[in-house]
Amino acid sequence: MAPVEPQVTPVPKDTTPAPDAKPQVYGSFTQETFVSLMSAELAGQRNRFDIALDNYVTQAINTQDPGVSERAFRIAEYLGADQAALDTSLIWARNDRTNLEAQRAAAIQLARAGRYDDSMVYMEKVLQGQGDTHFDFLALSASETDPETRNALLKSFDRLLAKYPSNGQLIFGKALLLQQNGDAENSLKLLEDNPPKEGEVAPILLRARLLQSMDRGKEALPILEKSIKKYPDDKRLRLTYARMLVEQNRMTDAKVQFSSLVQQFPEDDDLRYSLALVCLEAKAWDEAAGYLEDLIARGAHVDSAHLNLGRIHEERNDPQSALAEYAQVGPGSDFLPAQLRQADILMNNGSAAEASKRLAEAREAQPDYAIQLYLIEAETLANNNQAERGWQVLNQALKQYPDDLNLLYTRAMLAEKRNDLAQMEKDLRTILKREPENVMALNALGYTLSDRTTRYAEAKELIEKAHTLNPDDPAVLDSLGWVNYRLGNLDAAERYLRLALERFPDHEVAAHLGEVLWAKGEQREARKIWGKALEQQPDSPILRSTMKRLTGSETL
């Protein structure tokens, strides 16, 4: 049978035949095989890819023919049929041992299946044949595995590096594995000791990311600048450089780089959106608005553009224009933020009834968002001195969705503000009955019991359980410090509160730590903690009330 021109699938990028690859030659088949393959081709032309794949896989197994197995592999790869792609790539590689593309396809499929040692065997065949390897893919595919698997793969890389010490793909793959294992120092050293060869950009990008992760981002900038001069058309280099400028808060310079990228790649709307966001960060409202309006005209990032245009109008004190922009945001990740801003604007301007009306209409139009929209309404009302109306909204929501834990938790928090501790405890206990390891509920109940009652032992048990489940949560650490303070364990209280403040510099945590230090007789240190917190949040009611209660004055 002559080679059949592919009509079912385009060839995936990572399995495109090498330029010097020879045309695949099919063997001679039985009539049954011939009919099956022709049926597969006809099925593919009629978009019945399931039949095409099934027939080709069956005949690849039956005939062990390289041409049939390659065709079966291409179809499986296109359809995302992982097991079929693995099986047929292995048949292809076994029966066409000199074909580097077949060996590489098998290596990649084995890596995707987590069979890294087997994958290395095939990848080495590609290396021996001086073909393009994919050791970088092999290393990247191991990122979601356990350290033991990555360490085993590292040993395989070291074994091959002993044979091929100057292979850039091997060096880069090992550097990736070291990074994944948290060994940034050795990963960086490996890259620095083995400068990239001409045209190798990926090691430069990895080196820059490593420096950034080690708080040495400023060292990465000149490396990227030099590389951009060498490879001015490489999008990845300039984009990485621009993003690092943003991370280092050099917004003006970042804006220049993103502008250059947009000029270089005018059809890339993701770049245009990034430039708009950088302009927003730089408070260049007119420029940002121009790019956002361009995106809307181009039909790209439309909802995000309307959302950010609304924010610009708010910055310009034009609430009506902001409302008009927010109202155009459709379902998706920007929908709820837009609803929240609409509600907040309306309630701040005395139009609570209009805000509730719009949210009710949104719930009817988008029932999938109903619970979140109830939460927005209740919380916005509570934040605008209409806690009683917010309470009514939550009760209405819970009649409709009685089992929703987010609604229960929010009502519990509002109940505490209303001094209805019985209702608060009832709602949190309901949550804990259904989810005994709900850290937020454990912590909220434990903290409130320690702060508003004398049930300290019970509070400590709840908070310690939350701490066991999430030992790094600053809110839990703050609660653990506070309950120890209530129990008179001042040293433990200070230790936990210092940890909490270090991880989350919050005014409430600072108020608690200052009070503990005050109780220990360390008034100067307490004032220092409060003073620093007041610089960040001068209108903090808890800081002011704590200071007045302990020192007699709201000022230091």
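Helices here are DSSP runs of H or I with at least four residues, numbered from the N terminus. This is a predicted model, in which local features need pLDDT of at least 70, side-chain atom pairs count only at pLDDT 80 or more, and totals for chains, interfaces and linings use all residues. Residues are numbered from 1 along each chain as its sequence is written, and side-chain values use heavy atoms, with hydrogens and water left out.

## Helix H1

H1 covers residues 31–45, and Asn 47, with a positive phi near 65°, follows it. Its buried residues (under 20% relative accessible area, 1.4 Å probe, protein chains only) include Thr 33, Leu 37 and Ala 40. Seen down the axis of H1, the buried residues fall within an arc of 160° (taken from the directions from the helix axis to the C-beta atoms), so they line one face of the helix.

Turn to the other side of H1 and you will find Gln 31 and Glu 32 exposed, that is, over 50%. Helix H2 (49–63) and helix H3 (66–79) are among what covers the buried residues, contact being heavy atoms within 4.5 Å.

## Lining of the largest pocket

Which helix gives the largest share of the lining of the largest pocket? That is H25, with eight residues. Helices H21 (370–383) and H31 (541–551) are among those that each supply at least two.

By type, the lining divides into 17 nonpolar, six polar and nine charged residues. Asp, Glu, Lys and Arg count as charged, Ala, Val, Leu, Ile, Met, Phe, Trp, Tyr, Cys and Pro as nonpolar, and the others, Gly among them, as polar.
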